[in-house]
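Have a look at the model first, then read on.

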Amino acid sequence: MSKEKYLERCMGAVWFPYTSQQEVLIVGAGGLGSFIALAISRLGSALIIFDSDSYDYTNLTGQLAKIEDVGINKAVAIKKSLLGFSPDCKINAIGEMYDSNSMTCPITIAAPDNNATRKLVFEKWMAQNWENPYAIFLDGRLGWDLIEIFCVTKDNAEDYRRTLLDDSEYDDGMCTTKQTTYAAQIAGGMIANYFKNYILQVEASTIFDVPFYTSYNLSTMEISHDLGY
């Protein structure tokens, strides 16, 4: 099935000609990464998905996983699932751990379950002299009832780097292994929206907002863009 059929209602959107030409790297295909991948596939973008883990029964609580996916590599399983939602989406599923030899991409989204990988993905992205005007690094962090999102360009990279604590220092409540489906869905949609906003902001100089930092407390329903420094 072609994009013209299943994305028919998106194709008239002002952003679609731009998002549908992009390739997006997503590191991590767990709760956050799986729902990010679903949302972005419906923007018409091509995907590269890294994850070395396989699904187990505990993942059914907060990840885009079916019972029949248990025991299957997450990247591979997500590709199969996404093709049921977005059949013409180009997806490269890499069932390996992201390491220093792995590829990077102008548009990169970090959704791992540890900060060591998050740092590595970011430093590889930073090391490139991107000529692509759409280059952006999006980082999602998800807890039981708190979502944090960073939208990073090289202009604010140092502010972002200050948030990359060692795993031993990071709040145990903000871990992508502790999540619910509804929180992961909300976070995935927010990140896809920031990706879309950024592409359109660069392309059309629109007023679409792309804050450097967003936190959303699902219990109090409070949104903040204040990192505290």
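## Strands and pairing

Before we get to who faces whom, one term: two strands count as paired if DSSP finds at least two bridges between them. Keep in mind that this is a predicted model.

With that in hand, take strand S1 (residues 23-27) and strand S2 (residues 46-50): they run parallel and are joined by five bridges. Within that pairing, Val24 of the protein sits opposite Leu47 in S2.

## The whole protein

Stepping back, the protein has seven helices and eight strands. Of its 229 residues, 52% are buried.

Eight strands form an open sheet with mixed pairing, in the order S3-S2-S1-S4-S5-S6-S7-S8. Which strands stand at the edges? They are S3 (91-94) and S8 (222-224); each has a single partner strand, so one side of each is left without a neighbour in the sheet. From one strand to the next, the twist averages 15°.

## Helices on the sheet

Helix H4 (residues 74-85) packs on the sheet, where it touches S2 and S3, and its direction makes about 160° with that of S3.

Helix H5 (residues 115-126) lies across S1, strand S4 (107-110), strand S5 (136-142) and strand S6 (146-152). Against S5, H5 runs at about 170°.

## A helix that is tucked away

Now for helix H3 (residues 31-41). Is H3 largely enclosed or largely open? Largely enclosed by the rest of the structure, because 10 of its 11 residues are buried. Among them are Gly31, Gly33, Phe35, Ile36 and Leu38.

What covers the buried residues of H3? The cover includes the strands S1, S2, S4 and S5, along with H4 and helix H7 (181-204).

## A loop asparagine

One last stop: Asn156, in the loop between S6 and helix H6 (157-161). Is Asn156 buried or exposed? Its relative accessible area is 16%, and buried means under 20%, so Asn156 counts as buried. Leaving aside residues up to four places away in sequence, Asn156 touches Cys151 and Phe212.

Definitions and conventions:
Residues numbered from 1 in each chain as written. Predicted model: local features only at pLDDT ≥ 70, side-chain atom pairs only at ≥ 80, totals over all residues. Heavy atoms only, no water. Helix = DSSP H or I, 4+ residues; strand = E, 2+ residues; numbered from the N terminus. Buried < 20%, exposed > 50% of the residue type's maximum accessible area, 1.4 Å probe, protein only. Axes fitted to C-alpha atoms, helices over the stretch in contact; angles between N-to-C directions. Contact = heavy atoms within 4.5 Å.
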